[in-house]
Amino acid sequence: MAKRRSSSISSRKQPQQARSADLVAAILDAAVQVLTKEGAQRFTTARVAERAGVSVGSLYQYFPNKASILFRLQSDEWRQTARLLRDILEDAGRPPLDRLRALVHAFIRSECEEAAVRVALNDAAPLYRDAPEAREARASAERVVEVFMREALPKASDADCAIAGDLITTTLSTVGKDFSESPRTRAEIKAYADAMADMFCAYLRSLGKR
């Protein structure tokens, strides 16, 4: 079942030439516009093709159905989030708590900047949440956080590190999503991120003193 679902949401083929890459980029850009305006429930390949200015047949050369387009958008978001985690948490030139604070600010800003698309993709999540790529994306993020927690809490037990990592990532994701669902000013985003970072850093300091 999982393999069948994964096949149905995978891109039909990968662009090999610049012209084909431009076409795929136009389709994905149009998909974001349609998703933002119409939401997941009214998202169709016909609307995406029309917005991109291409035929449905051209779209189908690369994406067999609407689920494959949504999955590509979600996959791109997963990769961006994973890159954000790695770039910040693996920066050994900065103290761990400084990295954590930077991650909170970057993540909250990202959630607010892309709130409309993220909400719509979340509505479409049942189409692909059990795909192998989804499980691998979660596992990759968990590995980065696990390594960071061992560095930030060198004297803590594996169990405490695991709990801390899960608590921080779950809170950051859940609360960040809720916060981003309403329009926010830059000052509000900064104040909220500062407060959340203060909370996380205080928690890790308390664990480090045990």
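Predicted model: local features only at pLDDT ≥ 70, side-chain atom pairs only at ≥ 80, totals over all residues.

User: Where is Ala-40 found, and which residues does Ala-40 touch?

Analyst: Ala-40 is in the loop between H2 and H3. Helices here are DSSP runs (H or I, at least four residues; strands are E, at least two), numbered from the N terminus. Leaving out residues up to four places away in sequence, Ala-40 touches Leu-35, Lys-66, Ala-120, Asp-123 and Ala-124, where contact means heavy atoms within 4.5 Å. Ala-125 lies 85 residues from Ala-40 in sequence, with 9.6 Å between their C-alpha atoms.

User: What puts the buried residues of H3 on the same side?

Analyst: The buried residues of H3 (residues 45–52) are Thr-45, Val-48, Ala-49 and Ala-52. They cover an arc of only 100° around the axis, so they sit on the same side of H3; the arc is that of the directions from the helix axis to the C-beta atoms. After H3 comes Gly-53, with a positive phi near 75°.

User: Why does Arg-118 count as buried?

Analyst: Arg-118 counts as buried because its relative accessibility is 15%. Arg-118 belongs to helix H7 and touches Glu-77, Ser-110 and Glu-111, not counting residues up to four places away in sequence. Its C-alpha is 9.7 Å from that of Leu-73, 45 residues apart along the chain.

User: Which residues line the second largest pocket, and what makes a space a pocket?

Analyst: The lining consists of Leu-28, Val-32, Leu-73, Asp-76, Glu-77, Gln-80, Glu-114, Val-117, Arg-118 and Leu-121. Helices H2 (18–38), H5 (66–89) and H7 (115–123) each give two or more residues to this lining, and H5 gives the most, with 4 residues. On a 1 Å grid over the protein atoms alone, a pocket is an open set of points where a 1.4 Å probe fits, with protein on both sides within 12 Å along at least five of seven lines; lining residues have an atom within 4 Å of a point.

User: How much space lies in the second largest pocket?

Analyst: About 180 Å³, where a volume is the space filled by probe spheres set on the grid points, joined across faces, edges and corners.

User: What makes a set of residues a nonpolar core?

Analyst: A nonpolar core is a set of buried Ala, Val, Leu, Ile, Met, Phe, Trp, Tyr and Cys residues joined through side-chain atoms within 4.5 Å. The largest has 30 residues, of which Val-104, Ile-108, Met-149, Leu-153 and Leu-204 touch the most other members. H5, H6 (96–113), H8 (132–152), H9 (158–180) and H10 (186–208) each supply at least two residues of this core. A second, separate core has 26 residues, including Leu-28, Leu-35, Leu-59 and Ala-120.

User: How many helices and strands are there in the protein chain?

Analyst: The chain has 10 helices and 0 strands, and buried residues make up 37% of its 210 residues.

Methods
Residues numbered from 1 in each chain as written. Heavy atoms only, no water. Buried < 20%, exposed > 50% of the residue type's maximum accessible area, 1.4 Å probe, protein only.
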